[in-house]
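Here are my notes on this one, as promised.

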Amino acid sequence: MRPVPPQPAIRIRAAAVILRTISTKDSDVEPAPATFRGKRLYPFQQKAIAAIDSGRPVIVAAPTGAGKTLVADYALEHASEQGRRIVY
């Protein structure tokens, strides 16, 4: 069997990321900060963080390297500040 030559790397832009907040209207959610931990947030991250701040359930589906972990870090920090138990 012949080895497959490596393919060129493809950069996936955050614009391809899907964010869905369950039972949430954008008008019900307060705007989120533009940065977190010194990093500028993409629009999908801002929407997710705004939903987290509003107490809404959030599902973030995104390609590797798009920024899901930053949203998870925010959710963990938010829950910790409220004295909630965290399992990650």
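1. Asp-73 and Arg-37 make a salt bridge, with their closest N and O atoms 3.5 Å apart. By salt bridge I mean a side-chain nitrogen of Lys or Arg within 4 Å of a carboxyl oxygen of Asp or Glu. Since Asp-73 is in helix α2 (residues 68-81) and Arg-37 sits in the loop between β2 (35-36) and β3 (39-40), the pair ties together parts that are 36 residues apart in sequence. Before going further, bear in mind that this is a predicted model: local features need pLDDT of at least 70, side-chain atom pairs count only at pLDDT 80 or more, and totals for chains, interfaces and linings use all residues. Residues are numbered from 1 along each chain as its sequence is written, and side-chain values use heavy atoms, with hydrogens and water left out.

2. What else does Arg-37 form a salt bridge with? The partner is Glu-77, and here the closest N and O atoms are 3.1 Å apart. This pair again links distant parts of the chain, Arg-37 in the loop between β2 and β3 and Glu-77 in helix α2, 40 residues apart. Through shared partners, Arg-37, Asp-73 and Glu-77 join into one network. The count for the model comes to 2 salt bridges.

3. Are these side chains buried or exposed? Arg-37 is exposed, at 53% relative accessible area. Asp-73 is partly exposed at 22%, and so is Glu-77 at 31%. The cut-offs: buried is under 20% relative accessible area, exposed is over 50%, and partly exposed is in between (1.4 Å probe, protein chains only).

4. Now the overall layout. The chain has 2 helices and 4 strands, running β-β-β-α-β-α from the N terminus on. These are DSSP runs numbered from the N terminus: helices are H or I with at least four residues, strands are E with at least two. Of the 88 residues, 25% count as buried. Among contacts (heavy atoms within 4.5 Å) with a separation of 6 or more, 53% are between residues 24 or more positions apart.

5. Helix α2 deserves a look of its own. It has 14 residues and reaches 20 Å from its first C-alpha to its last, close to the 20 Å expected at 1.5 Å a residue; the expected span is 1.5 Å times one less than the number of residues. Leu-70, Val-71, Ala-72, Tyr-74, His-78 and Ala-79 are its buried residues, and they pack against β2, β3, α1 and β4 (58-61). Just after α2, Gly-83 takes a positive phi of about 75 degrees.

6. The largest nonpolar core has 10 residues: Ala-32, Phe-36, Leu-41, Ala-48, Ile-49, Ala-50, Ile-52, Leu-70, Val-71 and Tyr-74. Such a core is a set of buried Ala, Val, Leu, Ile, Met, Phe, Trp, Tyr and Cys residues joined through side-chain atoms within 4.5 Å. Both α1 and α2 give two or more residues to this core, and α1 gives the most, with 4. Leaving aside neighbours within four places in sequence, Tyr-74 is in contact with Phe-36, Ile-49, Ile-52 and Asp-53.

7. Finally, check Gln-45 in helix α1 (residues 43-53). Gln-45 counts as buried, at 3% relative accessibility. Beyond its neighbours within four places in sequence, Gln-45 is in contact with Arg-40, Ala-66, Gly-67, Leu-70 and Val-71.
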